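Hi there,

Here is the structure I promised to pass on to you. Have a look at it first, and then read my notes below.

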Amino acid sequence: MPAYWVARSRINDPVAYKRYTDRVPAIIEAHGGKVLARGGEARILEGSDHFHRFVVIEFPSLDQAEACWRSQAYVDASNHRRGGAGEVELILVDGGDATR
């Protein structure tokens, strides 16, 4: 079952944050991920407007999505946004309707 990486972010230092975003696509691809939305126009209909960049990535499974996040390559890349360059909220969610 596919799983989705859904992130909300706020960029505080665009130069430092770009060092992160330049590395991430290859890391995602190496873990079987496919970017569905990354940084395009967004409209916040409900909730806080603190975050202004949104990302949705599809992975073949929840385990593969988490393996990407835990990979040394991703950890190294994300260090460029941590420490003030950006703020991120990230969730992983299984695809499909589990309410049945």
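One definition to begin with: a residue is called exposed when its relative accessible area is over 50%, buried when that area is under 20%, and partly exposed in between, using a 1.4 Å probe and protein chains only. The model is a predicted one, so local features need pLDDT of at least 70 and side-chain atom pairs count only at pLDDT 80 or more, while totals for chains, interfaces and linings use all residues. Residues are numbered from 1 along each chain as its sequence is written, and side-chain values use heavy atoms, with hydrogens and water left out.

**Salt bridges**

By a salt bridge I mean a side-chain nitrogen of Lys or Arg within 4 Å of a carboxyl oxygen of Asp or Glu. The count under this rule is four.

Let me start with Arg70, which is exposed with a relative accessible area of 54%. Arg70 makes a salt bridge with Glu66, and their closest N and O atoms are 2.7 Å apart. Both residues sit in helix H3 (residues 62-70), four residues apart, which is about one turn of the helix. Glu66 is partly exposed, at 30% relative accessibility.

Another salt bridge joins Arg8 to Glu89, with 2.8 Å between the closest N and O atoms. This pair links distant parts of the chain, as Arg8 is in strand S1 and Glu89 in strand S4, 81 residues apart. Arg8 is partly exposed at 28% relative accessibility, and Glu89 is partly exposed at 41%.

Arg43 and Glu41 also form a salt bridge, the closest N and O atoms being 3.3 Å apart. Here Arg43 is exposed, with a relative accessible area of 68%, and Glu41 is exposed as well, at 71%.

Which residues of helix H1 are buried? In this helix, residues 14-21, they are Ala16, Tyr17, Tyr20 and Thr21. Viewed down the axis of H1, the buried residues fall within an arc of 145° (taken from the directions from the helix axis to the C-beta atoms), so they line one face of the helix. If contact means heavy atoms within 4.5 Å, the cover over these buried residues includes strand S1 (3-11), helix H2 (24-30), strand S2 (34-38), strand S3 (53-59), helix H4 (72-78) and strand S4 (86-94).

**Aromatic rings**

Rings of Phe, Tyr and Trp (its six-membered ring) count as a pair if their centres lie within 6.5 Å; planes under 30 degrees apart are stacked, over 60 edge-to-face, and the rest tilted. That rule gives four aromatic pairs. One of them is Trp5 with Tyr74, an edge-to-face pair at 5.3 Å centre to centre with 85° between the planes. It links distant parts of the chain: Trp5 is in strand S1 and Tyr74 in helix H4, 69 residues apart. Trp5 is buried at 3% relative accessible area, and Tyr74 is buried at 2%.

Tyr74 also pairs edge-to-face with Tyr20, at 6.0 Å centre to centre and 75° between the planes. Tyr20 belongs to helix H1 and Tyr74 to helix H4, 54 residues apart. One aromatic cluster brings together Trp5, Tyr17, Tyr20, Phe59 and Tyr74.

Tyr20 has a further neighbour to look at. Arg81 lies over the face of Tyr20, 5.0 Å from the ring centre; such a charge has NZ of Lys or CZ of Arg within 6 Å of the ring centre and within 35 degrees of the ring normal.

**A buried arginine**

Where does Arg53 lie? Arg53 is in strand S3. Arg53 is buried yet has no salt bridge, and the nearest side chain of opposite charge, Asp22, is 8.5 Å away. For charge, Lys and Arg count as positive and Asp and Glu as negative, with His and the chain ends not counted. Leaving aside residues up to four places away in sequence, Arg53 touches Ala7, Arg8, Ser9, Ile11, Tyr17, Thr21, Arg38 and Gly39.

Best wishes

How values were computed:
Helices (H or I, at least four residues) and strands (E, at least two) are DSSP runs, numbered from the N terminus.
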